[in-house]
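Hello,

Please find the structure below.

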Amino acid sequence: MKNYLFTSESVTEGHPDKVADCISDAILDAILSQDSESRVACETMITGAKDKQSLKVFISGEITSNANVDYAGIARRTLEKIGYLEECDIETLIKPQSKHIAQGVDSDDNHEQGAGDQGLMFGYACRETPELMPLPITLSQRLVEKLTYVRKQEILPWLKPDGKSQVTIEYDGNNNPVKIDKVVIATQHDDMINDFETEINENKFIKDKIIEYVIKPVLENYGLAYNENFLVNETGRFVEGGPVADVGLTGRKIIVDTYGGYARHGGGAFSGKDPSKVDRSAAYMTRYIAKNIVASKLADRCEVQVAYCIGVAKPMSVNVNTFNTGKLADNELIDIINEVFDLRPKQIISCLKLKNPIYKELAAYGHFGRNLDKCTWEKLDKVDQLSKYL
């Protein structure tokens with residue numbers, strides 16, 4: 001097999017869709033901090049007003065909780081923390097979770113807690129990075145994280161919150177990364193045309209600074225050869241951005257949130273959902289399983305799929321694909337997973353401590369491969385147990 005290219009992308013917390021994710025998860029955390037048994041499905045839409053001088057925020061969802069939270073205040077504080085200081089008009093439309101869903105999710109002496117919805121979820125791990133994540137999405141996440149860091153630390157004070165990254169990796173015929181082929185950055189910035197006289201001069205200044213303070217420091221951390229093929233603000237200018245310029249919606253960056261397209265995705269978003277929603281909790285669990293399988297050297301690459309029926313505790317199916325890198329057959333690994341890991345929703349939530357208010361920090365820069373104590377699905381506490389199966 002010949003060498004090939006693979007590309008992933010990410011976005012900053014100031015991207016309109018990520019702003020919506022951040023608000024939804026901030027609301028979720030506020031509710032869970034008061035009532036950990038809450039049922040939350042919070043959706044946010046944000047856009048600019050017609051005059052483009054203010055923001056309009058719509059918060060809706062199905063929420064059943066004893067918590068009493070200030071939705072508008074949470075939204076405003078989240079926007080300010082990201083860097084949007086415009087006036088904003090906030091509307092809310094909240095209703096309780098359907099009683100027909102609740103009867104399948106709630107547990108009592110006669111009924112075990114079932115999945116909050118039907119669906120399929122995937123988890124993935126590989127040996128491309130220390131985080132056991134695919135390299136393209138890892139670099140993409142770290143680039144936008146760095147972009148936000150140099151803005152908030154005022155190292156590059158003319159940066160504004162909205163931004164995107166894209167990284168193309170060259171792989172050899174054995175699926176090993178051999179070179180960083182291209183890096184794309186699009187970053188919102190102040191209007192500096194009066195300082196540089198022309199758009200060309202302004203763009204050159206921005207490109208040079210982004211390469212020096214963002215791109216090269218991130219790439220050099222990973223020790224892989226790279227082409228100096230850096231594309232920065234290729235339209236020329238990016239002054240008008242964020243939700244003033246575009247509409248943001250919760251749940252529109254599911255590939256950014258996971259594996260950058262390198263592994264399959266079941267279609268369910270994360271942000272704004274309490275852990276009874278298997279879209280979130282089972283996706284975290286399958287990452288936990290896949291990562292421990294790879295770390296225990298049972299495989300070099302591992303993708304785990306589970307599927308659920310609403311109201312039913314045990315998954316409909318469990319599947320594993322090690323892409324011919326497994327030390328054991330994939331069907332043997334499925335048996336091992338069923339022995340070692342409990343995939344019922346209540347047990348997943350307990351194992352990963354998912355009722356804690358841990359989510360708003362995860363709304364941007366990826367839910368996987370994060371070196372945070374709260375990311376319990378990144379722990380490697382099953383490696384010794386799994387290694388025995390070798």
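In helix α8, V278, S281, A282, Y284, M285 and Y288 meet P345, I348, C351 and L352 of helix α10. Contact here means heavy atoms within 4.5 Å, and helices are DSSP runs (H or I, at least four residues) numbered from the N terminus. By class, this contact of α8 with α10 holds nine nonpolar residues, one polar and no charged. Ala, Val, Leu, Ile, Met, Phe, Trp, Tyr, Cys and Pro count as nonpolar, Asp, Glu, Lys and Arg as charged, and the others, including Gly, as polar.

This is a predicted model, in which local features need pLDDT of at least 70 and side-chain atom pairs count only at pLDDT 80 or more, while totals for chains, interfaces and linings use all residues. Residues are numbered from 1 along each chain as its sequence is written, and side-chain values use heavy atoms, with hydrogens and water left out.

The axes of α8 (residues 278-295) and α10 (residues 345-352) come within 10 Å and cross at roughly 60 degrees. Axes are lines fitted to C-alpha atoms, for helices over the stretch in contact, and angles run from 0 to 180 degrees between N-to-C directions. The crossing of α8 and α10 is left-handed, meaning that the near helix is turned anticlockwise from the far one by less than a right angle; clockwise is right-handed.

Helices α1 (residues 16-34) and α2 (residues 71-82) have axes that come within 9 Å and cross at roughly 130 degrees. That makes α1 oblique to α2 (under 35 degrees is roughly parallel, over 145 roughly antiparallel, 65 to 115 roughly perpendicular, the rest oblique). Their crossing is right-handed. The α1 side of the contact includes C22 and I23, and the α2 side includes I74 and L79. This contact of α1 with α2 has 12 nonpolar residues, one polar and no charged.

For α4 (residues 135-152) and α6 (residues 199-221), the packing angle is about 140 degrees, with the axes 9 Å apart. This pair is also right-handed. Among the residues that meet are R142 and K146 in α4 and Y213 and P217 in α6. The class count for α4 with α6 is 11 nonpolar, no polar and two charged.

On cysteines, a search of the whole structure finds zero disulfides (a pair of cysteine sulfur atoms within 2.5 Å). For C42, the nearest cysteine sulfur is that of C22, 12 Å away. C42 counts as buried at 1% relative accessibility (buried is under 20% relative accessible area, exposed over 50%, partly exposed in between; 1.4 Å probe, protein chains only). C88 is in no disulfide either, with the sulfur of C22 nearest at 15 Å. C88 is buried, at 13%.

Regards

Methods:
Helices (H or I, at least four residues) and strands (E, at least two) are DSSP runs, numbered from the N terminus.
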